[in-house]
Amino acid sequence: MMEFLKPWIHLALNLSHNDVGLPLYILLCCCAGIVGGLMVGTVLGFLELFWYHTLLFFHRKNLIRRLAPTVDVSVNKYSKESFMAVSIAPIPLAILVFAARKKYVESAFISLDFMGAWKFCWISMALHDAYYWVAHTLLHTFKSLYRRVHRLHHSTGGDITVFSTAYGDFLDVAITITPFYAGLLLWLYTRTAWNVFYMVVLGWAVNGVNMMGHCGYRLPAWIYVPGSMGVLLTPLAQRPVHHLIHHLDPNSNRSLYFTWWDRFAGTFRDTHPKIKTC
């Protein structure tokens, strides 16, 4: 089987604009970008379904409770807006990876280096948190930008579940997520070797924290530690309560993973009248 695939793999990795002409090659890159975006959207959709139904199961077993029990929950289905947002926004990244696929494939390796993966994950999330805070603050500061890009994400107020994670305009994800990961991919391109396992761990932790942040539950450590690959053990890390407060009061808690920048800027808030205290 591998012998049969080898020439096709070689062709896929080495095909260039010199072989098919520049216009056709650009079209091929765009098609690969669309396919890549749809693959990202599908994976994240399955992750949202996994997190939603897992937490709902724990809730029904009285293992976790809603943070704001007086807020009616109506967001209980995965939406086409979520799928479109996380499928369209990564298309430029998929085009970048496809165009440089030979370098990425040849320099890739897999090693189950958990400590190295945790360090890579933590540093990446800390850097992204700084970028996200600035981009997110700009979306809330400029009202025309908020109305065009970010208002849809806040349209349900405090009525949020895991299915609220990617709910919004694709430009929202394109502004707050895509540029940072474009930079990360460009950095990986300059490396002589990169560990695929690191990126898998980062993907799990980033999406886990984001989905837990939108779940609306108060979560114990036995959920948020594996869900974040231990990143949420960091002092002053985000918890679901912080992001729920942001949806109840958009002037507060604009970070994604940690609370450092909000504390520094004076936008941190850890209580709200609708939040039930322990």
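Trp122, Tyr257, Phe258 and Trp260 come together as one aromatic cluster. Rings of Phe, Tyr and Trp (its six-membered ring) pair if their centres lie within 6.5 Å; planes under 30 degrees apart are stacked, over 60 edge-to-face, and the rest tilted.

Bear in mind that this is a predicted model: local features need pLDDT of at least 70, side-chain atom pairs count only at pLDDT 80 or more, and totals for chains, interfaces and linings use all residues. Residues are numbered from 1 along each chain as its sequence is written, and side-chain values use heavy atoms, leaving out hydrogens and water.

The structure holds 16 aromatic pairs. One of them joins Phe180 and Tyr181 edge-to-face, with 5.2 Å centre to centre and 90 degrees between the planes.

Next, Gln238. Contact here means heavy atoms within 4.5 Å. Leaving aside residues up to four places away in sequence, Gln238 touches residues including Tyr257 and Phe258, both members of the aromatic cluster. The backbone oxygen of Ser255 is 3.0 Å from a polar atom of the Gln238 side chain.

How do some residues compare in accessibility? Buried means under 20% relative accessible area, exposed over 50%, and partly exposed in between (1.4 Å probe, protein chains only).

| Residue | Relative accessible area | Class |
|---|---|---|
| Gln238 | 4% | buried |
| Phe180 | 14% | buried |
| Tyr181 | 15% | buried |
| Pro69 | 49% | partly exposed |

As for Pro69, its C-alpha atom is separated by 32 Å from that of Leu171, 102 residues apart along the chain.

How values were computed
A polar contact is a pair of N or O atoms within 3.5 Å; within protein, one must be able to donate a hydrogen and the other to accept it, and residues adjacent in sequence count only if both atoms are side-chain atoms.
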